[in-house]
Amino acid sequence: MQNDPLFQPLQLGPLTLPNRIVMPPMTRSRASQPGDVANELMAAYYAQRASAGLIVSEGTYVAPLGKGYAWTPGIHTPEQAAGWRKVTDAVHAHGGRIFAQLWHVGRLSHTSLLGGRQPVSSSPLQAKGVNVFIAGEDGRTPGFVQASAPRALTVDEIAEVVGQYRAAARNAMQAGFDGVELHGANGYLVNQFIDSQANTRTDAYGGSLQNRLRFLDEVTRALIEGTGDASRVGIRLAPLTTLNGCVDDDPETTYLAAARLLDELGVGYIHIAEADWDDAPLMPVAFKQQLRAAYAGVLIYAGKYTAERAREAIGAGWADLIAFGRPFVANPDLPERLRTGAPIALHDRETLFGGGARGLTDYPTLDAAA
C-alpha cells in the first residue's frame with residue numbers, strides 16, 4: 001500500500017481522504033414516502049461503503065420542480081434534511097466522508113412527478129426519446145415514460161432556482177454532510193444551460209459561451225455561500241457525453257472555459273463523468289491534460305475504470321481521485337477488493353431502482369462471503 005497510488009492520502013479542503021477511491025452518485029430510488037425522505041435503509045447502505053475515500057450521495061433534488069425520478073430523495077424540507085442526518089451520522093460513525101449531490105433535473109421530468117406542473121429548462125426544447133422513471137398510476141408500480149415538454153425559465157425564476165440551490169447547500173451542511181456536489185452533467189438543468197444545442201435563449205443566459213456559463217457561475221457561488229467554504233463544493237461535469245439530449249457544438253472549448261471559471265471560484269473539486277457505455281468514445285488524454293492545466297484543484301474521473309486504469313490515471317497526474325460506480329453496488333468493501341486484487345462481484349440489474357434491502361444492503365463483504 002505504501003507504493004499504491006490508489007491508497008495514498010489526499011487533502012480535500014479540511015478533509016483528509018485515506019485513499020483515492022470515490023463512490024460516485026448513483027440513483028437507487030428508495031426514499032421513504034410520502035415526502036421523499038432519506039431513511040435508515042439508506043443510512044445502512046452508505047455506512048457499509050464508508051471505506052471509500054469519499055462518498056457522493058445519490059442525486060438529491062433541491063426543489064419540488066427539480067424532481068425527475070420516482071422515490072428519489074430531496075433536501076428542501078426539514079423532514080428531508082432530518083432524514084439525511086441519519087445517513088451522515090451513520091457514515092461518520094463508520095469513519096467515512098460524504099458529500100451531498102445537489103440535483104435539479106430541469107426538463108428531464110414528467111408532469112406526474114411534479115403535481116401536474118410542467119418541467120422547466122433553459123429553453124422550451126423537449127428531450128425527445130428520453131425516458132424518466134415514474135411510480136405509475138397506483139403510485140407503486142414503476143415504469144419509464146417519455147419526459148414531458150418543458151417551458152423556459154424566466155430571468156426572475158432563474159434567480160429563484162439559484163436561491164433554492166443556496167438553501168439546499170445550507171440544509172446539507174445542517175444535515176451533517178461534509179460538502180456538496182453540484183450535478184452539472186448528464187443533461188440535467190445546469191447542463192441544459194451550458195450546452196449550445198440545449199440552450200436557445202437570447203438573453204444574458206444564452207448565446208455566447210460566457211452567457212451559457214452564467215447559470216453555472218451563479219449556482220456555484222450560491223453553493224459556496226451556502227456551505228461557507230469553497231473547498232466543500234464540488235462540480236460534476238460531462239464534457240464529451242451527449243446523455244439525455246444535451247450536445248455542445250464545441251465541447252472542449254466550452255468545458256475548458258468552465259474549468260477556468262471554477263478554478264477562479266476556488267471550488268474543491270471537479271468530477272468528470274466520462275462516457276461509460278459500450279463502444280463509447282474515449283476522452284482524449286490531451287484534453288484531460290488541458291483540464292489539469294486549466295484547473296488547479298482536485299480532479300475526479302469516473303467511467304468504467306479498472307484498478308489498473310485508475311492507478312495509471314493517478315500516476316500520469318491528470319487525475320487525483322477515481323470514482324467506481326457500478327462496482328460499489330455489489331461490493332460494499334470495494335477498496336479492500338481493489339487493494340488485494342480480489343474478485344469484483346456483479347450487481348443485480350433488476351434491483352437497482354426501487355424496492356427494499358434486496359439488492360441494496362444484502363451484498364456481502366469478502367469476509368462475510370468467506
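Which side chain meets that of K86 in a salt bridge? In this predicted model, where local features require pLDDT of at least 70 and side-chain atom pairs count only at pLDDT 80 or more, totals for chains, interfaces and linings use all residues. Residues are numbered from 1 along each chain as its sequence is written, and side-chain values rest on heavy atoms, with hydrogens and water left out.

The partner of K86 is E40, at an N to O distance of 2.9 Å. A salt bridge is defined here as a side-chain nitrogen of Lys or Arg within 4 Å of a carboxyl oxygen of Asp or Glu, and 15 salt bridges are counted by this rule. Because K86 belongs to helix 2 (residues 78–93) and E40 to helix 1 (residues 40–48), the pair ties together parts that are 46 residues apart in sequence. Helices (H or I, at least four residues) and strands (E, at least two) are DSSP runs, numbered from the N terminus. K86 is partly exposed, with a relative accessible area of 39%, whereas E40 is exposed at 52%; buried denotes under 20% relative accessible area, exposed over 50%, and partly exposed the range in between (1.4 Å probe, protein chains only).

A further salt bridge joins the side chains of R311 and D4, with an N to O distance of 2.8 Å. R311 is located in helix 9 (residues 307–316) and D4 in the segment before strand 1 (10–12), so this pair links parts 307 residues apart in sequence. R311 is partly exposed at 23% relative accessibility, while D4 is buried at 11%. Within helix 6 (residues 214–227), R221 and D217 are four residues apart, a separation of about one helical turn. Their side chains form a salt bridge at 2.7 Å, N to O. Here R221 is partly exposed, with a relative accessible area of 43%, and D217 is buried, with 18%.

The largest nonpolar core contains 105 residues, of which L102, Y165, F215, L216 and Y301 touch the most other members. Helix 7 (residues 251–265) makes the greatest contribution to this core, with eight residues. A nonpolar core is a set of buried Ala, Val, Leu, Ile, Met, Phe, Trp, Tyr and Cys residues joined through side-chain atoms within 4.5 Å. When neighbours within four places in sequence are set aside, the contacts of Y165 (heavy atoms within 4.5 Å) are V62, L102, W103, H104, L182, V190, F215, V219 and L223. Another core, of 14 residues, lies apart from the largest one and includes L12, I300, A302 and A323.
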